[in-house]
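Thanks for asking me to look this one over.

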Amino acid sequence: RKLERVARGDVTVQQSLVLQVKDESSEIRVAALAALAKTATRGNDVTVKAVVEALRHDGIAHVRKYAALTIAHVAEQSDVRSTAALQAAVSDENSAVRAASLEALQVLATTNDPACCA
């Protein structure tokens with residue numbers, strides 16, 4: 001909670017986390033995605049792009065799952081690129097990624113409230 005109060009909307013923190021989404025370590029990538037979900041400003045183009053790219057291209061299913069869940073926290077309800085990436089991920093080879101994508105789509109389609117995915 002303290003991190004959220006300090007960092008929410010902090011551009012420097014957000015930029016640093018976006019860079020970590022591309023780290024070599026899948027554990028670092030997941031941690032960065034989780035931190036973005038808690039601290040990023042909704043609709044930030046750079047953040048949304050990085051999370052969508054992780055969902056579409058990361059080779060580790062666990063990272064793709066967290067990317068899908070993070071989209072529900074960082075994308076605007078009307079963000080077409082996020083919705084398209086989530087729709088494509090519904091066909092992912094991994095069931096956890098498929099489930100996370102469906103959950104995120106539901107959030108974006110209804111309330112745009114990420115509370116379900118915390």
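1. **The model and its overall make-up.** Please keep in mind that this is a predicted model. The protein chain has seven helices and zero strands, and its pattern along the sequence reads α-α-α-α-α-α-α. Of its 118 residues, 42% count as buried. If you take the contacts in the protein chain with a separation of 6 or more, 63% of them come from residues 24 or more positions apart.

2. **How H5 and H7 are arranged.** Helix H5 covers residues 61–74 and helix H7 covers residues 95–109; their axes come within 8 Å and cross at roughly 5 degrees. Angles under 35 degrees count as roughly parallel, and H5 and H7 are therefore roughly parallel to each other. On the H5 side, the contact is made by Ala61, Arg64, Lys65, Ala68, Leu69, Ile71 and Ala72. H7 contributes Ala96, Val97, Ala100, Ser101, Glu103, Ala104, Val107 and Leu108. By residue type, this contact of H5 with H7 divides into eleven nonpolar, one polar and three charged residues.

3. **Salt bridge Asp58 to Arg29.** The count of salt bridges comes to four, and I will go through some of them here. Asp58 forms one with Arg29, and the closest N and O atoms are 2.7 Å apart. Asp58 lies in the loop between helix H4 (45–57) and H5, while Arg29 is in helix H3 (residues 26–39), so the pair ties together parts that are 29 residues apart in sequence. Are the two partners buried or exposed? Asp58 has a relative accessible area of 12%, which is under the 20% cut-off, so this residue is buried. Arg29 is buried as well, with a relative accessible area of 9%.

4. **Salt bridge Asp45 to Arg81.** In this pair the closest N and O atoms are 2.9 Å apart. The bridge links distant parts of the chain, with Asp45 in helix H4 and Arg81 in helix H6 (residues 80–89), 36 residues apart. Asp45 is partly exposed, at a relative accessible area of 46%. Arg81 also counts as partly exposed, at 30% relative accessibility.

5. **A network around Arg81.** Asp79 is buried, with a relative accessible area of 13%. Through shared partners, the salt bridges join Asp45, Asp79 and Arg81 into one network.

6. Asp23 is found in the loop between helix H2 (11–20) and H3. At 27% relative accessibility, Asp23 counts as partly exposed. Leaving aside neighbours within four places in sequence, Asp23 is in contact with Ile28 and Arg29.

7. Asp10 lies in the loop between helix H1 (2–7) and H2 and is partly exposed, with a relative accessible area of 29%. Asp10 and Thr41 are 31 residues apart in sequence, and their C-alpha atoms are 8.2 Å apart in space. Val46 has its place in helix H4 and is exposed, with a relative accessible area of 51%. Between Val46 and Gln14 there are 32 residues in sequence and 9.1 Å in space, C-alpha to C-alpha.

Methods. Residues numbered from 1 in each chain as written. Predicted model: local features only at pLDDT ≥ 70, side-chain atom pairs only at ≥ 80, totals over all residues. Heavy atoms only, no water. Axes fitted to C-alpha atoms, helices over the stretch in contact; angles between N-to-C directions. Helix = DSSP H or I, 4+ residues; strand = E, 2+ residues; numbered from the N terminus. Parallel < 35°, antiparallel > 145°, perpendicular 65-115°, else oblique. Contact = heavy atoms within 4.5 Å. Nonpolar A, V, L, I, M, F, W, Y, C, P; charged D, E, K, R; others polar. Salt bridge = Lys/Arg side-chain N within 4 Å of Asp/Glu carboxyl O. Buried < 20%, exposed > 50% of the residue type's maximum accessible area, 1.4 Å probe, protein only.
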